[in-house]
Amino acid sequence: MRARWCKSRYVTRMTRQDRLAADLDRGFDALEAGKLDVAAACVERCQRIDRENPGVIALAAAVADANGDVETAIAHYRSMIELSPDDPMPRICAARLELRDLAEPERALETVDAAFDFIDDEADLIEAIVVRAEALLLLDRIDEARAALGELATSAIDEPEQAFDLAELALGAADLDAALRWCEVARTSPKLEADALHLLGRIHEERGDRAAAIAAWQQVRVHDAAQPAPTVTMADDEIERIALETLAELPADVRAKLERVPILIDDAPSEELVAEGLDPRLLGLFSGAELADELEPAITNIHLFKRNLERIAADLDELAEEIRITVLHETAHYFGLDDEDLEQLGLD
């Protein structure tokens, strides 16, 4: 007679904790690969096993973060802080979301400042300082932001994207030497070459080195012109229609003074304009004399740079809003107003 075998006696069953560990590994691997649906499914299975497990909460937080579910992500990071108060990363991650997604720099600063007592890894330190400096800049605490970035003076920053972010922050904090140093690191990445050159031009402009700024921006113009057309695009007549509708938002007396001001549309600033020191990535440009008292201006126009506008827009609605904002800002320049004046008039 054939012997009967009971498979379960000879095959070790996977325990619940084994399944949890395997799903956590799969979830984080899927997250790193950009497979958010797979990672979310892993979260659901893990939560059915142990919702309070720190690893499960960490995966749930990361998935919510990647999906743009900010409030859920912050709630999970807060749970992690309670479970592991000496782990700096949940505080840093929560602060990043409070700063960049909720636009609450004071709250973000309080959150990230509490992480510094527990940081013992340079990568964590760099990320925390980036968040702290960004929050301080938004709060217009420039000197403190510069001091925070100064803590990285001896750090070996060799990752181009990280160096680019630091260079942007250093420029905002008026630490031009640090901005220049980090910008050169960013330029080692071919993918970042054009953006880093544009930033380099801004740094040189701030330093008062007009020739160096123009040299950098001329290279940017060449790089940008060689890029494929933006995926979000709009016909010239539609851009003009939106621009004219925007001008119609202005008070009647202002509209009357703009009746003879043409709106011109080009892809980007010309080679000649860049050679004169114009930023090749400008969205719009006022050309001519500002209106003073009741005098009529000299030949004047509002210039819109189509490709530059299209490249910063995620969709047509965002593009239309960028056109509107640009027209309003250029109109403000026409009347000699600054951005603060524009905001007070409700035209920001």
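Buried residues have under 20% relative accessible area and exposed residues over 50%, with partly exposed in between (1.4 Å probe, protein chains only). The structure is a predicted model, in which local features need pLDDT of at least 70 and side-chain atom pairs count only at pLDDT 80 or more, while totals for chains, interfaces and linings use all residues. Residues are numbered from 1 along each chain as its sequence is written, and side-chain values use heavy atoms, with hydrogens and water left out.

The protein chain contains 19 helices and three strands; these are DSSP runs (helices H or I, at least four residues; strands E, at least two), numbered from the N terminus. Of its 348 residues, 41% count as buried.

Helix α3 has Asp37 and Arg48 as exposed residues on the face turned away from its buried side. Its buried residues are Ala39, Cys42, Val43, Cys46, Gln47 and Ile49. Seen down the axis of α3, these fall within an arc of 150 degrees (taken from the directions from the helix axis to the C-beta atoms), so they line one face of the helix.

Threonine 111 lies in helix α7 (residues 105-113) and is buried, with a relative accessible area of 6%. Not counting residues up to four places away in sequence, threonine 111 touches Arg78, Arg91, Ala94, Ala95 and Glu98.

How values were computed: Contact = heavy atoms within 4.5 Å.
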